[in-house]
Amino acid sequence: MAAGTPVSGGRPWGQEDLLGRLAGAVAGRRLPQSLLVHGPEGVGKRSLALWLARALQCEAAETGDGPCEACRNCRMAARLEHPDIHLHFPMPRPKRAASRAKLREAIEAQRHERLALLREDLHARPDADAVTGLYVAAVENIRDQASRRPSMAGRSVFVIEDAERMVPQSASPEAANAFLKLLEEPPPFAYIVLTSSRPDALLPTIRSRAVPLRVAPLPTERVAAYVAEHLGVRDDDRARGVARRAGGAVYRARMLVDAEAGESEAAADGLLAAALDGTPQARYRAASRYSARGARGELEPALEALRIRLRDMLCVAAGAADAALDPDRANTSGGAGSRDARRAAGAPAERAVLEALGAVDAAVEGVGRNLNPQATTALLLEEMSAAFAGRSTGRTAGTPQFAGVLRSL
Ligand SMILES: [Zn+2]
């Protein structure tokens with residue numbers, strides 16, 4: 001993501017009613033200062049909490065429309081650079097430190113490292129495999145930051161994620177009590193927004209001091225619309241299938257689509273490698289990965305990814321690498337440099353790539369008619385190998401012969 005691009009900008013998707021109520025409460029100065037945003041994992045609690053933080057800091061907050069996303073406060077907040085919006089989250093326990101002060105410094109440094117990662121990708125999860133918590137020293141940092149007057153805006157906002165991971169504070173009752181006091185009676189300028197996927201696991205003393213705000217899972221149809229509009233899944237059945245598995249959470253839908261895309265990319269690479277290899281054994285191995293019976297779900301996205309790969313190779317072969325959708329990969333698989341250099345490096349010529357594309361088009365058509373995926377793949381690879389080996393098949397994109405062969409399968 002380019003520098004300066006908002007990472008947390010935009011309205012949380014599909015939560016219009018909730019956002020409208022919150023924006024109204026901000027404008028009317030009715031928003032409780034201690035909130036607990038809860039709801040299932042992946043439903044958009046972080047997006048919502050950060051949206052609320054922008055709404056509180058926005059120079060146009062009084063309009064009641066939520067953050068304008070254009071003023072200085074909104075733009076800094078969207079880049080996670082606003083000095084009066086403090087995002088805290090569970091992290092691994094830092095190494096032992098010489099003193100409590102050193103420990104708190106180490107935790108704060110660790111938090112800033114992670115904020116830098118989140119600026120690149122708001123959904124990055126650097127500690128996904130680690131044991132993490134909101135430890136006493138972190139809570140002390142929050143309490144100190146909250147006692148200071150905001151430096152730029154009139155308010156300070158604390159977003160404290162996964163608040164149920166705040167470790168029992170028996171080691172430091174003072175810290176625990178100070179935090180509870182902060183929640184119960186924040187300074188007039190401070191807002192504390194806790195988030196949790198497991199509100200039942202929150203310390204009761206914390207839960208009772210924050211006003212709950214539920215982010216509900218979205219109906220499947222809404223998530224399907226998100227998948228189609230924002231994740232580029234044009235096939236209705238596929239979009240709905242992803243939405244069903246996402247359980248009302250757009251974040252999970254995005255993960256599922258990414259994972260699917262990753263699998264299709266790998267599958268496309270496998271098909272391309274087998275075709276370029278040229279041996280019947282390589283083709284057989286690649287084709288036998290696909291079922292001999294109807295299941296088209298796996299082959300279809302692989303063929304789409306393969307089509308994009310070949311299209312990019314064609315762009316490179318035609319000297320228009322900048323038109324490729326994924327130029328880096330196209331350059332490595334299609335061969336960069338002058339036409340002669342590419343030929344010397346064994347990169348397929350334009351005509352060969354065109355013929356391979358024609359074979360893919362026909363295979364896509366065949367799969368659409370529920371033809372045997374394994375046999376379709378075997379035939380596709382044979383065609384592509386022949387094209388890459390310079391044995392012209394005489395077919396290019398859109399010609400019917402290959403489809404004729406498929407029909408007879
Ligand atoms: Zn604004």
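This note goes through a predicted model, point by point.

1. Are C71 and C74 buried or exposed? C71 is buried, with a relative accessible area of 11%. C74 is buried too, at 0%. Both values fall in the buried class because that class takes in residues under 20%.

2. **Helix α2.** This helix covers residues 45-57 and has 13 residues. From first C-alpha to last, α2 reaches 18 Å, close to the 18 Å expected at 1.5 Å a residue. Eleven of its 13 residues are buried, so α2 is largely enclosed by the rest of the structure. The buried residues include W51, L52 and L56.

3. **Salt bridges around R114.** The structure holds 23 salt bridges. R114 takes part in one with D127, where the closest N and O atoms are 2.6 Å apart. That pair links distant parts of the chain: R114 sits in helix α4, and D127 sits in the loop between α4 (100-120) and β4 (132-133), 13 residues apart. Both D127 and R114 are buried. R114 also forms a salt bridge with E113, with the closest N and O atoms 3.8 Å apart.

4. **Accessibility of the R114–E113 pair.** The two partners sit in opposite classes. R114 has a relative accessible area of 12%, so it counts as buried. E113 is at 51%, so it counts as exposed. The exposed class starts over 50%.

5. **Helix to helix: E260 and R245.** What does the salt bridge between E260 and R245 tie together? The closest N and O atoms of this pair are 3.0 Å apart. E260 lies in helix α10 (residues 250-277) and R245 in helix α9 (residues 236-246), so the bridge ties together parts that are 15 residues apart in sequence. E260 is buried, with a relative accessible area of 18%.

6. **A salt-bridge network.** Some of the charged residues are linked in a network. R100, R104, E140, R143 and D144 make up this one.

7. **The aromatic pair.** The structure holds one aromatic pair. The rings of W13 and Y226 have centres 5.2 Å apart and planes at 65 degrees, so the pair is edge-to-face. W13 lies in the segment before α1 (16-27) and Y226 in helix α8 (residues 220-230), so the contact ties together parts that are 213 residues apart in sequence. W13 is buried at 19% relative accessibility. Y226 is buried at 8%.

8. **Charges over rings.** The charged end of R222 sits over the ring of W13, 4.8 Å from its centre. Elsewhere, the charged end of R289 sits over the ring of Y290, 5.5 Å from its centre.

Note on methods
Residues numbered from 1 in each chain as written. Predicted model: local features only at pLDDT ≥ 70, side-chain atom pairs only at ≥ 80, totals over all residues. Heavy atoms only, no water. Buried < 20%, exposed > 50% of the residue type's maximum accessible area, 1.4 Å probe, protein only. Salt bridge = Lys/Arg side-chain N within 4 Å of Asp/Glu carboxyl O. Helix = DSSP H or I, 4+ residues; strand = E, 2+ residues; numbered from the N terminus. Phe/Tyr/Trp six-rings, centres within 6.5 Å; stacked < 30°, edge-to-face > 60°. Lys NZ or Arg CZ within 6 Å of the ring centre and 35° of its normal. Expected span 1.5 Å × (residues − 1).
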